[in-house]
Amino acid sequence: MNRFAALFNAIDQSTKTTVKVAALAAYFRAAPPEDRMWTIALFSGRRPKRVVTTTRLREWAADEAGIPLWLFEESYPIVGDLAETIALVLPPADGSSDKSLSAWIATLRALATVEEDARKAAVLAAWHSLEDTERFVFNKLITGGFRMGVSQKLMTRALAQATEKPEAELAHRLMGNWHPDDTTWEGLIEAEDASADASRPYPFYLAYALEDGPEALGAPSAWRAEWKWDGIRGQVILRDGQHFVWSRGEELMTDRFPELARAADFLPPGTVMDGELLVWQPQADRPDSFNALQKRIGRKTVPKKLLTDAPVVLHAYDLLEWQGSDIRETSFAERRALLEAACADLPGDAPVRLSPQLEFEGWDDLGELRSIARDENAEGVMLKRADSPYRIGRKKGDWWKWKLDPLTIDAVMIYAQAGHGRRANLFTDFTFAVRHGNDLVPFTKAYSGLTDAEFREITKWVRKNTLQRFGPVRQVTPHHVFEIAFEGIQASPRHKSGVALRFPRMSRWRQDKPLDEANTLEDLNDMLRIYG
Amino acid sequence: MSKISALTFTDRGIYCPAGDFYIDPWRPVDRALITHGHADHARWGHGHYLATHAALPVMRHRLGEIDAQGIGYGETVQIGGANVSFHPAGHVPGSAQIRVEVAGEIWVASGDYKVENDGLSEPFEPQRCHHFITESTFGLPVFRWQPQARITTELNAWWARCADAGKTAFLGAYALGKAQRLMRMLDPEIGPILTHGAVEGTNAVLRAQGIDLPETQQVTGEMDVKSIKRALVLAPPSALGSTWARKFGPRESAFASGWMQLRGVRRRRAGDRGFVVSDHADWRGLLDAIGQTGAENIYVTHGYTDIFARYLNENGWQAQVVPTEFEGETLDMDAAS
């Protein structure tokens, strides 16, 4: 694992993209094919199945380190990463190993079928033979979640440098349902036909947020507008008599949305559509809120009742493949015309519908439409340049999301907890309350929205103003007021306050506001009545 | 009849009733015994100061005109009913543990300390005592320092690589102690060592008291920095991202701190490299030092105090947490200079 650990260090020890990409490209040129495959897999979120529970890992590590388990548990939140905590507490290695990355993964996978004693022996043996980064990487292979500051986009760029293939083609090849177990380097990267696999999706094109309004985009006539739906982005593939549903996170969701199987009854094979999965009742004129969809997301299989209570349809807004041809290079206007033609004869109960375009003359018209988006259960409007191709990933310029201004409420911080990873040791996770008489009623958590400098400042404050500790959570003096921004509000019996917020974050630290000017539970309930 | 302790803990700092003096007090007092010259220990405004001969020049440099007296390591003075002596703490040049003996009861206030010989500071000398006041800045088992020789190799390899790539290497470190320790670790064959004014000020003081440091050159406004090739610049952490650093053109930055042991902190610093170099004891170092004192009563000050004290209590010591205003090596390095 020397080579992979060296790659990891090279990436970890630089903040510069060019250095990271060069290190990866060098690795892809030199490493054996099995290691290359596993590296691609790890960097694209595919990981070996977990063979040891983290509970056991903690126990074994504390044992090996000669420290009580409580001391290990106290150290973990300070380090902010389990694999790293284990690597740090263990005594120095007393052996060495020249096993490759893929050989270590094979060793780990073999543990799935053996007794726990043998598993423990194998893990301890590995700890004794690995040091520093190698030991950390080994632990990461077990605990999963390989995030190391390289996006899939950067990895794809490095692969393109190493193989001299176009980045877009590689991005497409890396999509979909492959796993190093059943795919070779040859098959995934080198083989002639990139779309040999019927299930393989196209990389999604992602919109940028429009911060300052659309005026700077030029003539309105060059643009098309749609509602920005509050659902799940999905790509529906109809090929070879099969259908596949992919999430933006490249997760295959086919079985979660069985109603989409019927799409093949109305649309020809060789069709790939991009759109939004929404819960939409048969006679309704707008979709249900995201809450309804949430019930469907978590389930791998769907009970009949849920299928009737929360039926899902694809609101299609783009056509990527038509009659078996990749049409992403044609203009949005042309793709849209084909999509409209394809959807023209769909019956009302088909699981696919055309997402309508919004009529507007000038930006003012569109602004007015945007202001009523909430009535449609939409989050705002989307703007797409009529002559643009379907691009890969998040690229500025052709697609913009012009979201509604969020709802806001001023709340009091009452609990704080340290973050993980690069936010370890900083208090970044807070619980907020609204006032209710003399009480404070907690109603949401929020983790983001402040600058690093603000997080450092609040961290110092938390250390000095802790009232009580509950494990990693600190109750602090109610003092600071924050403006919490959120996208939606729903009644929720699971929460003490009776509400659940969508995408809560800290939009401003109201250091100008004293505690008694924070909002009240009554204010929150008013918002629920109006927007819930 | 309960006996009065030789040392007690007050809201001004550690106090000795028998000698009527304070150790590293954080509010103005008449008589202050100072363990070392870092700002959280040697504060402004006391009536009289007592510190080692080696610590005084830096204190005078930082605090200006003070009424101060020096003392040699191992030399005993009587202050009121207390016998007092200073012993090397290995933290920075001149740093001391202060031993206080009153009617046969021995206390040691260790200030900040480390047990590894860093080649610059007077090496740590354990003192037998009944009561030991310890820091716990890095009092968790995840902190384990590598031998200095190994870090030295990594540090010079990094500098050489920067120099070969035509980049200036920026190394962030405390101006007193850490910076000079690093200077001694650096290989001057690689290129010139440049310094920020805060670092060079301390260098001058230390050189004047006879401490041998490699040749350095202070960066000044007139200096044509782009004409200086293969340089390494030593600066306080806060100066690294400043406009001051930008005029050097292509550069790489690194921090030297015990906190660099944690990958999360390293990444948050957004520097390129982190070198794990601390002037505080690691987990093993703390436990070894405590063991060597033979003390049964341990008072844990700044750092992971709750956790460290609980561990000591479970392992046969009588430990308690003592709140102080010392900061140790702060995690928030932007504030440190």
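A: With a relative accessible area of 24%, A:Asn377 is partly exposed; buried means under 20%, exposed over 50%, and partly exposed in between, using a 1.4 Å probe and the protein chains only. Before going further, please keep in mind that this is a predicted model, in which local features need pLDDT of at least 70, side-chain atom pairs count only at pLDDT 80 or more, and totals for chains, interfaces and linings use all residues. Residues are numbered from 1 along each chain as its sequence is written, chains are lettered from A and ligands numbered from 1 in the order in which they are written, and side-chain values use heavy atoms, leaving out hydrogens and water.

A:Asn377 sits in the loop between helix H17 (363-371) and strand S11 (378-385) of chain A. Helices (H or I, at least four residues) and strands (E, at least two) are DSSP runs, numbered from the N terminus. The backbone of A:Asn377 has a phi near 60 degrees, a positive value in a residue other than glycine.

A:Phe503 also has a positive phi in a residue other than glycine, near 50 degrees. A:Phe503 belongs to the loop between strand S21 (499-502) and strand S22 (505-509) of chain A. With 46% relative accessibility, A:Phe503 is classed as partly exposed. The ring of A:Phe503 has A:Arg502 over its face, at 4.6 Å from the ring centre. A:Arg502 lies over the face of A:Phe290 too, at 3.5 Å from that ring centre. A charge counts as sitting over a ring if NZ of Lys or CZ of Arg is within 6 Å of the ring centre and within 35 degrees of the ring normal.

Aromatic rings come up elsewhere in chain A, where A:Phe430, A:Phe432, A:Phe455, A:Phe482 and A:Trp509 form one cluster. Over all chains, a search of the whole structure finds 34 aromatic pairs. One of them is stacked because the rings of B:Phe143 and B:Tyr304 have their centres 6.5 Å apart and their planes at 20 degrees. Here rings of Phe, Tyr and Trp (its six-membered ring) pair if their centres lie within 6.5 Å, and planes under 30 degrees apart count as stacked, over 60 as edge-to-face and the rest as tilted. This pair ties together parts of chain B that are 161 residues apart: B:Phe143 is in the loop between strand S11 (131-136) and helix H2 (148-164), and B:Tyr304 is in the loop between strand S18 (297-303) and helix H8 (305-314). Both partners, B:Phe143 and B:Tyr304, are buried.

Chain B also has buried polar residues in loops. B:Thr35, in the loop between strand S4 (31-33) and strand S5 (48-52) of chain B, has a relative accessible area of 1% and is therefore buried. The B:Thr35 side chain makes a polar contact of 2.6 Å with the side chain of B:Asp24. A polar contact is a pair of N or O atoms within 3.5 Å; within protein, one must be able to donate a hydrogen and the other to accept it, and residues adjacent in sequence count only if both atoms are side-chain atoms. Beyond its neighbours within four places in sequence, B:Thr35 is in contact with residues including B:Ile23, B:His41, B:Ser95 and B:Gly111, where contact means heavy atoms within 4.5 Å.

B:Ser278 lies in the loop between strand S17 (273-275) and helix H7 (283-293) of chain B. Its relative accessibility is 2%, so B:Ser278 is buried. A polar atom of the B:Ser278 side chain lies 3.0 Å from the backbone nitrogen of B:His280. Leaving out residues up to four places away in sequence, B:Ser278 touches B:Lys114, B:Trp145, B:Arg181 and B:Glu329, among others.

Back in chain A, helix H6 (residues 82-89) is mostly covered, with eight of its eight residues buried. Those buried residues pack against helix H4 (54-65), helix H5 (69-79), helix H8 (116-129) and helix H9 (132-143) of chain A, together with helix H6 (263-269) of chain B. A:Asp81 caps the N-terminal end of H6(A), with a side-chain oxygen 3.0 Å from the backbone nitrogen of A:Ala83.

A:Arg529 is classed as exposed because its relative accessibility is 62%. From C-alpha to C-alpha, A:Arg529 and A:Ala491 are 9.3 Å apart in space and 38 residues apart in sequence.
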